[in-house]
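Please open the structure in a viewer and keep the sequence panel beside it.

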Amino acid sequence: MKIPKRIQPLVDDGLVDEVLYQLMSGKEATVYAVRCGNETRCAKVYKEAMKRSFKKAAQYQEGRKVRNSRRARAMEKGSKFGRKQQEDAWQNTEVDALFTLAKAGVRVPEPYGCYDGVLLMELITDDDGDVAPRLNDVTMSAEQAIEDHAVVMVYVMRMLLAGLVHGDLSEFNVLVDAYGPVIIDLPQVVDAAANNNAFSMLQRDVRNMTEYYAQYAPELKNSHYAEEMWSLFEAGELEADTQLTGHFEFPDDEADVDTVLEEIKAAFEEEQARKARIAGPSDED
């Protein structure tokens, strides 16, 4: 296929030999299958901020630290240089998260590097060498759903132990190969300790995954993994070998009406976004 303009520099530098086909176009990036020597890899081309449809980006960026004070000031002022630095930070967040989570024992695509807004990474494939399906395209038995849900909960726990919350985890951001679930799409990952929205995002991530697997194993609906792991995390008691149970004793305090309403609103927005994704993203590139 014709080489996209953003990938051309990688071809010129010998990092990519051929662009094979477009894999998908989403809210923050377009992903292509590319040939690098004898390997087929992914090239994730991030969209510019003005073209990105990722909502509430500021909520996700809260708590992210910029070591260079000049860059931090420029980002605050919103200058042209600052906007460029903000874009670089958004993109580098995914690369850093991929390395961090792989080290923490979370199955994610192996990253090879980010070059001027293009992330080269491993292409997850099935037994036949074809692109692995997203979780939303997979059906399974109740036993398999329970097993895979448990695996994903462990991955979410390991993310939290590494100080991160995915923030946009759903059946659309999980691939399934012969070895099980693989977590993808991490540019919006949040700092669990520094972001005030971290717990609510963790709850949403867990709720999304639980509701999906509960289609096949309804008993999963009664679990409370987010609350369980967050309470242990806050108490400094969450460890790599923690055996999650999905059980959590809620306090007997009166319900916080504002919080309940916010959760209902968040669930409604997530459902609307999910319906939009099922309808299919528009091709902008």
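Helices (H or I, at least four residues) and strands (E, at least two) are DSSP runs, numbered from the N terminus. This is a predicted model, in which local features need pLDDT of at least 70 and side-chain atom pairs count only at pLDDT 80 or more, while totals for chains, interfaces and linings use all residues. Residues are numbered from 1 along each chain as its sequence is written, and side-chain values use heavy atoms, with hydrogens and water left out.

Remain at Asp116, in the loop between S4 and S5. Its phi is positive in a residue other than glycine. Asp116 is exposed, with a relative accessible area of 63%; buried means under 20% relative accessible area, exposed over 50%, and partly exposed in between (1.4 Å probe, protein chains only).

Next, select residues 111-115 (S4) and 118-122 (S5), which run antiparallel and are joined by four bridges. Pro111 stands opposite Met121 in S5.

## Second stop: the open sheet

In which order do the five strands of the open sheet stand? The order is S1-S2-S3-S5-S4, and the pairing is antiparallel. Two strands pair if DSSP finds at least two bridges between them. S1 (18-25) and S4 stand at the edges, each with a single partner strand, so one side of each is left without a neighbour in the sheet. From one strand to the next, the twist averages 25°.

Now select S3 (residues 39-46) together with S5: five bridges pair them in the antiparallel sense. Within this pair, Val45 stands opposite Val118 in S5.

Move to residues 174-177 (S7) and 180-183 (S8), two antiparallel strands joined by four bridges. They form a hairpin with two residues between the strands. Asp177 has Gly180 in S8 as its bridge partner.

Continue to Asp185, in the loop between S8 and S9 (190-191). Asp185 is not a glycine, yet it has a positive phi of about 60°. Is Asp185 buried or exposed? Asp185 is buried, with a relative accessible area of 13%.

H6 is mostly covered, with 12 of its 16 residues buried. Among them are Ala198, Met201, Leu202, Arg204, Asp205 and Tyr213.

The axes of H5 and H6 come within 10 Å and cross at roughly 170°. Axes are lines fitted to C-alpha atoms, for helices over the stretch in contact, and angles run from 0 to 180 degrees between N-to-C directions. H5 and H6 are therefore roughly antiparallel to each other; angles under 35 degrees count as roughly parallel, over 145 as roughly antiparallel, 65 to 115 as roughly perpendicular and the rest as oblique.

Contact means heavy atoms within 4.5 Å.

Select H7 (residues 225-234), where the buried residues are Tyr225, Ala226, Glu227, Glu228, Met229 and Trp230. These buried residues pack against H5 (142-161) and H6 (198-213).

With H5 and H7 displayed, the axes come within 11 Å and cross at roughly 30°. The two helices H5 and H7 are therefore roughly parallel to each other. His149, Met153, Val156, Met157 and Leu160 in H5 meet Tyr225, Met229, Trp230 and Phe233 in H7. Just after H7, Gly236 takes a positive phi of about 75°.

## Last stop: the whole chain

Among contacts between residues at least 6 apart in sequence, 63% join residues at least 24 apart.
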